[in-house]
Amino acid sequence: MNKLILGRYFPGNSFLHRLDPRAKLVAALYFIGLLFFADNILGYLWLFGFTLMLMRMSGVSFLTYLKGVRPLIWLILMAVFLRVLFTGGGTLYFSIGPFMMSSFGLLLGFYTFSRFVMIIFISTVLTLTTKPIDLTDAIDALLKPLNLLGISTSDFSLMLSISLRFIPNLLDETQKVLDAQRARGVIFGEGNLIEQMKKIVPLIIPLFSSSLKRAEEMADVMEVKGYQSDQKRSSFRQLKWQSRDTLSIVIMLVLTIGVFFLNQLTLIEQWIL
């Protein structure tokens, strides 16, 4: 559980660490959207190569990223299998009732797997190289135009940042409860589905209680520090857009041009299908 690194921050001085958080957030969201425009193998290889480059630039080992994906691998594989077994088209390998396996289904399964993995990797790169407080400032700055509609963007960005920040804490608390239950003789992962669900129930109450206690403590701290959501607040930290931030946006445009160019090269997929 505690191996999930999404939401954690790793201090460093890499190029990605020094980027403006607004540039990183916009680039990450843009990249995730770009994943759904790639429609052939070459396009996904192009995007995956770019993802690997960012992972290298972050200064965090690839093994750390792989450990972070491991807790989600079963969810990813389940989505891939559902896509493969319920999609027809191309060469049909077998068909049993509603289940089938075709070349087109396998291709879409590859796309689904690639999207999940790259979304996790790129989101992890963002959180590893950006302090939670900087991410809050970036979200607040990007959503400021919504203030004209009477929407409190500062409250929304604060809630999102707190939620992201406490994902690792919640996972750590879950691991502690699991260890405590194992010390009492509880064996997880054995028995039928009903028995395994019953073993999870004792985990929910202490986690729920711990979350409420943590939320109450944070509310008290914010109240002591004079935080008022309905008051206009100044910020000690000022975001400054620099030339390297502009460069990151230009790189995303180059990446987009590469995807649209590779989308025209469908010879490999035509051969597969």
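This report describes a salt bridge, a strand pair and a charged surface patch in a predicted model.

## Basis of the model

Local features rest on pLDDT of at least 70 and side-chain atom pairs on pLDDT 80 or more, whereas totals for chains, interfaces and linings use all residues. Residues are numbered from 1 along each chain as its sequence is written, and side-chain values use heavy atoms, with hydrogens and water left out.

## Salt bridge

The structure contains one salt bridge, a term for a side-chain nitrogen of Lys or Arg within 4 Å of a carboxyl oxygen of Asp or Glu. Arginine 22 and aspartate 20 form this contact through their side chains, at 2.9 Å from N to O.

Arginine 22 counts as buried, with 19% relative accessibility, and aspartate 20 is likewise buried at 4%. Buried means under 20% relative accessible area, exposed over 50%, and partly exposed in between (1.4 Å probe, protein chains only).

## Strand pair

Strands β1 (residues 92-96) and β2 (residues 99-102) run antiparallel and are joined by four bridges. Strands are DSSP runs of E with at least two residues, and helices are runs of H or I with at least four, numbered from the N terminus; two strands pair if DSSP finds at least two bridges between them.

Isoleucine 96 has phenylalanine 99 of β2 as its bridge partner. Two residues lie between the strands of this hairpin, in which glycine 97 takes a positive phi near 60°.

## Negative surface patch

Glu216, Glu217, Asp220 and Glu223 gather in a surface patch of negative charge. Such patches comprise residues with over 30% relative accessible area and no salt bridge, like charges being joined within 9 Å and nonpolar side chains (Val, Leu, Ile, Met, Phe, Trp, Tyr) within 5 Å.

Glutamate 216 belongs to helix α10 (residues 193-224) and is exposed, with a relative accessible area of 53%.

Technical notes: Accessible areas come from the Shrake-Rupley method with a 1.4 Å probe; for residues, only the protein chains shown count as cover. Lys and Arg count as positive and Asp and Glu as negative; His and the chain ends are not counted. The place of a charge is taken as NZ of Lys, CZ of Arg, CG of Asp or CD of Glu.
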